[in-house]
Amino acid sequence: SKYGDKNGLTVDEARDIVVPAIMAKRGTLDWYSVDYWSKRFDLDVLKLNHDLAHLIQPRPLSIEFLDWLLSEKKTVWLTTNAWPATIDIKLNRVDLSAFLDRIVSSHDLGAAKEDQAFWHALFDLHSVAPERCLFIDDSESVLEAAQAFGIQHLYCIEQPDLSKPARGVTQFESLSAFSQIAPSLSMSDAVG
C-alpha cells in the first residue's frame, strides 16, 4: 500500500506491479535485498522494516532451545538470507548473541541459501561434515538446497508466521515445536 500511496495507485493496481516484480526475483539475493527494493520502488524499505519491528518476537521455546544447545556444547550458527541491516533490527528486538557462535548472511557470501554457491561458501568458513549438521528453516526451497549439498538432519518450520495457520510441509520433517528436537523442553516451559 505504501507504493500505491506514493504513486497514486489503488491497492490492486499497486499489487499488479509489485507482486510480479517480487516474484521474478524469488530465490535470488535481490529478493532479500533492502537496497534493491528501495531503489526498484523508490521507497525506504529499511524504514518500513523499522516501522514493523514491534512485530518481531521469539518463537515459543526458541530461547530455551538455544539454551539447551548451549548446554550441550553445540556450535550454533544463524544462517540467513536477511539483509544485514534487517538482521540488526531483529537482533535489537530479540538478542540472541549469547547463544550464537556466528551469524552468516547470504549477502556476505554472495549467494542466497537457495543456491549451492551459498552452501559451498558457508562450509568453507567452518570445516564440519554436512551430514553431522542440523538445519532448520521455514523455506522448502532452502531446505532442498541444503539437502542437495549433503545436510541430512533437516526440519521445516510448520508455521513460519505464528499469526497465520500452520501450512502443510511435504518433503521434510515438520517442526511445530522445538520440544520435538529437544525432548527436555516442554510446552509448559514456554514463555509468553
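Student: What makes Ser 127 count as exposed?

Tutor: In this predicted model, Ser 127 has a relative accessibility of 75%, and because exposed means over 50%, the residue counts as exposed. Ser 127 lies in the loop between H9 and strand S3 (134-137), and its C-alpha atom is separated by 30 Å from that of Ser 176, 49 residues apart along the chain.

Student: Why is Ser 33 called buried?

Tutor: The relative accessible area of Ser 33 is 6%, and since buried means under 20%, Ser 33 is classed as buried. The residue is placed in the loop between helix H3 (29-32) and H4, where, leaving aside neighbours within four places in sequence, Ser 33 is in contact with Trp 83 and His 107.

Student: How do you know whether Leu 61 is buried or exposed?

Tutor: Leu 61 has a relative accessible area of 1%, which is to be set against the limit of under 20% for buried, and therefore Leu 61 is buried. Leu 61 lies in the loop between H5 and H6, and its C-alpha atom is separated by 35 Å from that of Ala 24, 37 residues apart along the chain.

Student: And Lys 73, what makes that residue exposed?

Tutor: Its relative accessible area is 74%, and as exposed means over 50%, Lys 73 is exposed. Lys 73 lies in the loop between helix H6 (62-71) and strand S1 (77-80), and has a positive phi of about 60° although it is not a glycine.

Student: What makes a group of residues a nonpolar core, and which residues have the most contacts inside the largest one?

Tutor: The residues must be buried, of nonpolar kinds such as Leu, Phe and Trp, and joined through side-chain atoms within 4.5 Å. The largest nonpolar core has 18 residues, and those with the most contacts inside it are Trp 119, Phe 123, Phe 135, Ile 151 and Leu 154. Two or more residues each come from helix H9 (116-125), helix H10 (140-149) and strand S4 (153-157), and H10 gives the most, with 5 residues. A second, separate core of 15 residues includes Leu 61, Leu 69, Val 94 and Leu 175.

Student: Which residues does Phe 135 touch?

Tutor: Not counting residues up to four places away in sequence, Phe 135 touches Thr 79, Lys 113, Trp 119, Val 142, Leu 143, Ala 146, Ile 151, His 153, Leu 154 and Tyr 155.

Student: How many helices and strands does the protein have, and why is the protein called as compact as a globular protein of its length?

Tutor: There are 10 helices and 5 strands. The radius of gyration is 18 Å, which is close to the 16 Å that the globule rule gives for 192 residues, so the protein is as compact as a globular protein of that length. The C-alpha atoms fill a box of roughly 55 × 40 × 30 Å, taken along the principal axes, and of the 192 residues, 34% count as buried.

How values were computed: Residues are numbered from 1 along each chain as its sequence is written. This is a predicted model: local features need pLDDT of at least 70, side-chain atom pairs count only at pLDDT 80 or more; totals for chains, interfaces and linings use all residues. Side-chain values use heavy atoms; hydrogens and water are left out. Buried means under 20% relative accessible area, exposed over 50%, partly exposed in between (1.4 Å probe, protein chains only). Helices (H or I, at least four residues) and strands (E, at least two) are DSSP runs, numbered from the N terminus. Contact means heavy atoms within 4.5 Å. The radius of gyration is taken over C-alpha atoms; the globule rule is 2.2 Å times the number of residues to the power 0.38.
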